[in-house]
Amino acid sequence: LSALSTISVYQKDKGGLDDYSDRLLDLDPDSPNALFNKGLVLLADKNTKEAEALFEKALAKNPDYVPALRQLLKIRLTNKDTDGAIKRCKQQIEKRPENARYQQRIDNGLYRLDDAVHHRAGAVTHLTAPFGVGAF
């Protein structure tokens, strides 16, 4: 079901994603992947707050689940909340200080985010691409 929901994202099949995510959540309510995918469905339906809650829950279940963090950052950046995006990155680093690879990934994202703040167009795409609600 997890693979089918991911395929649905790439095929831009929101109905399939919704169905597979619901079925997976029935089997495993704590699945970060299912929580994330259900969040994508909610985000596509403009239910931003509910989507954010699921992305946060996915990160609570697996602090290394990068796609959920990317979507949270994308939401903040879309709302022109650059400070909130930076703060959220730093919170994730604090939760996973022993994970050097993850910290490096976040640090690289902060660097690019800082570039965007200084008016370099397109610099934030690294933080939000390639996987997300834009697929719909």
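Visitor: Which residues make the nonpolar surface patch of about 350 Å²?

Guide: This is a predicted model: local features need pLDDT of at least 70, side-chain atom pairs count only at pLDDT 80 or more, and totals for chains, interfaces and linings use all residues. Residues are numbered from 1 along each chain as its sequence is written, and side-chain values use heavy atoms, leaving out hydrogens and water. Patches take residues with over 30% relative accessible area and no salt bridge, joining like charges within 9 Å and nonpolar side chains (Val, Leu, Ile, Met, Phe, Trp, Tyr) within 5 Å; accessible areas are Shrake-Rupley values with a 1.4 Å probe, and for residues only the protein chains shown count as cover. The patch of about 350 Å² is made by Leu1, Leu4, Ile7 and Leu27.

Visitor: Is isoleucine 7 buried, exposed or partly exposed?

Guide: Isoleucine 7 sits in helix α1, residues 2-10. Helices are DSSP runs (H or I, at least four residues), as are strands (E, at least two), numbered from the N terminus. Buried means under 20% relative accessible area and exposed over 50%, with partly exposed in between (1.4 Å probe, protein chains only). At 42%, isoleucine 7 is therefore partly exposed.

Visitor: What is the geometry of the pair of phenylalanine 36 and tyrosine 65?

Guide: Rings of Phe, Tyr and Trp (its six-membered ring) pair if their centres lie within 6.5 Å; planes under 30 degrees apart count as stacked, over 60 as edge-to-face and the rest as tilted. Here the centres are 5.7 Å apart and the planes meet at 70 degrees, so the pair is edge-to-face.

Visitor: Which residues do ring pairs link into a cluster?

Guide: Phenylalanine 36 is buried, at 0% relative accessibility. Tyrosine 65 is buried too, at 14%. The linked cluster is Phe36, Phe55 and Tyr65.

Visitor: How many residues apart in sequence are lysine 14 and aspartate 45?

Guide: A salt bridge needs a side-chain nitrogen of Lys or Arg within 4 Å of a carboxyl oxygen of Asp or Glu, and a search of the whole structure finds eight. Lysine 14 and aspartate 45 form one, with the closest N and O atoms 2.3 Å apart. Lysine 14 lies in helix α2 and aspartate 45 in the loop between α3 and α4, so the pair ties together parts separated by 31 residues.

Visitor: Which helices hold lysine 38 and aspartate 18?

Guide: Their side chains meet in a salt bridge, 2.4 Å from N to O. The pair ties together parts that are 20 residues apart in sequence, because lysine 38 and aspartate 18 lie in, respectively, helix α3 and helix α2.

Visitor: What is the relative accessible area of arginine 88?

Guide: The side chains of arginine 88 and glutamate 56 meet in a salt bridge, 2.8 Å from N to O. Arginine 88 lies in helix α6 and glutamate 56 in helix α4, so parts 32 residues apart in sequence are tied together. Glutamate 56 counts as partly exposed at 27%. Arginine 88 is buried, with a value of 3%.

Visitor: How far apart are the end C-alpha atoms of α6?

Guide: The expected span of a helix is 1.5 Å times one less than its number of residues. For the 14 residues of α6 that should give 20 Å, and the end C-alpha distance agrees: 20 Å.
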